[in-house]
Amino acid sequence: MSSKKENQEIDADTKVDIKFSQLGLDDRILKALGDLGYEKPTPIQAKAIPAAIKQRDVLGIAQTGTGKTGAFTLPTMHKLASGRARARMPRCLIVCPTRELAAQVAENVEQYGKYLKLEMALLIGGVSFAEQDKKLMRGVDILIATPGRLLDQFDRGKILMTGVQTLVVDEADRMLDMGFIPDIERIFQLTPFTRQVLFFSATMPNEIKRLVDQFLHQPLTIQIARKNMTAKTVKQYIVRMPSSDPKQKRTTLRWLIENNEVDNGIVFCNRKKDVDIVAKSLSVHKISSAPIHGDLPQSLRTETLEKFKNGDIKILVASDVAARGLDVPTVSHVFNYDVPNHSEDYVHRIGRTGRAGRKGETVMLVSRLDEKNYDEILELINAKSIEEIEIKGIENFPKDGGKYKRSNSHTAPRKEKRDNRKKAPKRIKENTTATTNNKKELNQNGKVESTNKSGETEGFGGNIPAFFKVL
Ligand code: AMP
């Protein structure tokens, strides 16, 4: 059912000349937006809200940080403001790939809807179903759910989808990564043909295009240009690693945190095991940090996220899935401890900083074994290279020597050995930025030194062996 689309590509930081008050939103929503200090819509909101209010399907190709959550929640809440839900028949269904993202959307709905009388329920792991079921029984206007939970409760007869007027699918490409596409197709089929669809995805792989063509009716397509999103608000750097040795990487990460003005940051690892190890290592070295990944209990994940938002934790060490949709507007830095295996994840990861027009910095550790994935990232972000930070003496940073061997890893010991022979960073830019100009560096004895104004040498936690006692 392919349809004619008005394709609108907009830069993420395009100036928007209209105010929320001109979009025709309910006064109570405008009041809530005013309380949050939001006066103008973001570009995606400016385009999506009027179309969605007019009942059009919308396809938003945009990452987090663009204000996409408001682009679907605001018009939906506006339309739901009048009318009432019937028992077990939600009027709007918002499907999200992860619990964190679902919780985040719920938070937005609560904020924007604080002056409306809308009922909302959340069907995600870690949230008691008994309580949500009571709400469903009374009638829920907006149901926010992960696909598995939703279908599970549908199959038990706890939910009817025939009353759904608006179906929102958020971060569809992540659904694809997580194997949720059959579930999403089923949800499409279970909701009425006449429902409105608001569909969001950061990228458009073929499987997602197929879904869009099949289930959206003449959608307004709004594409937020990726290149500006990464180039203008996020300053990107890489560090060339002489090896893939985990300890050397952890030392480098710490060096970067200690030597940059990091207010708070997120460190991304490809594996859950490394999330734990890196978080522990940082904590041992007195850098306040905590891990967040899918194997940790939901209660702990929620608590960690709250602490991070409050500033009680400086560094959140995360896996891609757990970090998905985290809304922490003031993150100053994103560190890619690992080069992501999927280039799209790079964009998602660095989208955690430089949000809503704020400035952010991101640094990725790149070893020779990461070259293929790194090239794919460059291709995706349409860049020839990413500026390098030179860390003098990096080749002398200590190594684990295989202490944390990983199965199923691209850092196999034999390859690593080969890699270790090529020590020096490949290419160093003469004209580096403030990040590279700081004076801290490791000396040949393995001590980190920095020269202060009076020319004295400051220690950096003593010499390396003691420093690395635990990890
Ligand atoms: P999102 O892309 O929906 O995850 O939103 C990214 C961040 O921008 C969140 O912290 C939102 O609360 C914030 N935000 C959303 N809309 C606006 C707006 N119109 N003005 C200022 N900030 C906004």
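This is a predicted model: local features need pLDDT of at least 70, side-chain atom pairs count only at pLDDT 80 or more; totals for chains, interfaces and linings use all residues.

User: What is the phi of N382?
Analyst: Most residues other than glycine have a negative phi. N382 is not a glycine, yet its phi is positive, at about 60°.

User: Where does Q218 lie, and what is its phi?
Analyst: Q218 lies in the loop between α9 (206–215) and β8 (220–225). With 13 other C-beta atoms within 10 Å, Q218 is partly exposed. Q218 is a residue other than glycine with a positive phi, near 40°.

User: Which residue just after α2 takes a positive phi?
Analyst: Helix α2 covers residues 43–53. Just after α2, a positive phi of about 80° is taken by Q55.

User: How many of the 11 residues of helix α2 are buried?
Analyst: The buried residues of α2 are P43, I44, Q45, A46, K47, A48, I49 and A52. Helix α2 is therefore largely enclosed by the rest of the structure, its buried residues numbering eight of the 11.

User: At what angle do α2 and α3 pack, and what is the hand of the crossing?
Analyst: The axes of α2 and helix α3 (residues 68–80) are 8 Å apart, and the packing angle is about 25°. Angles under 35 degrees count as roughly parallel, which makes α2 roughly parallel to α3. The contact involves residues including I44, A48 and I49 of α2 and A71, L74 and H78 of α3. The crossing of α2 and α3 is right-handed.

User: What length does helix α11 reach from its first C-alpha to its last?
Analyst: Helix α11 spans residues 246–258, a total of 13 residues. At 1.5 Å a residue, the expected length is 18 Å, and the model comes close to this with 18 Å.

User: How many of the residues of α11 are buried?
Analyst: The buried residues of α11 include K249, R250 and R254, together with L253, W255, L256 and I257. Helix α11 is largely enclosed by the rest of the structure, because its buried residues amount to 11 of the 13.

User: Which residues is G163 in contact with, leaving aside its neighbours within four places in sequence?
Analyst: G163 is found in the loop between α6 (147–155) and β6 (166–169). With 20 C-beta neighbours inside 10 Å, G163 counts as buried. The C-alpha atoms of G163 and A85 are separated by 8.4 Å, although these residues are 78 apart along the chain. Beyond its neighbours within four places, G163 is in contact with R86, M89, P90 and R91.

User: What share of the contacts between residues at least 6 apart in sequence joins residues at least 24 apart?
Analyst: The chain has 19 helices and 18 strands. Of its 471 residues, 48% count as buried. Among the contacts in question, the share joining residues at least 24 apart is 79%.

User: Over which residues does pLDDT stay under 50?
Analyst: The chain averages a pLDDT of 81, and 79% of the residues score at least 70. One stretch with pLDDT under 50 has eight contacts beyond four places in sequence, namely residues 1–5. Another stretch under 50 has 93 such contacts, namely residues 404–471.

Key: Residues are numbered from 1 along each chain as its sequence is written. Helices (H or I, at least four residues) and strands (E, at least two) are DSSP runs, numbered from the N terminus. The expected span of a helix is 1.5 Å times one less than its number of residues. A residue is buried if 20 or more other C-beta atoms lie within 10 Å of its own, exposed if 12 or fewer, and partly exposed in between; C-beta atoms are placed from the backbone. Two residues are in contact if their C-beta atoms, placed from the backbone, lie within 7 Å. pLDDT is the predictor's confidence in each residue, from 0 to 100. Axes are lines fitted to C-alpha atoms, for helices over the stretch in contact, and angles run from 0 to 180 degrees between N-to-C directions. Angles under 35 degrees count as roughly parallel, over 145 as roughly antiparallel, 65 to 115 as roughly perpendicular and the rest as oblique. A crossing is left-handed if the near helix is turned anticlockwise from the far one by less than a right angle, and right-handed if clockwise.
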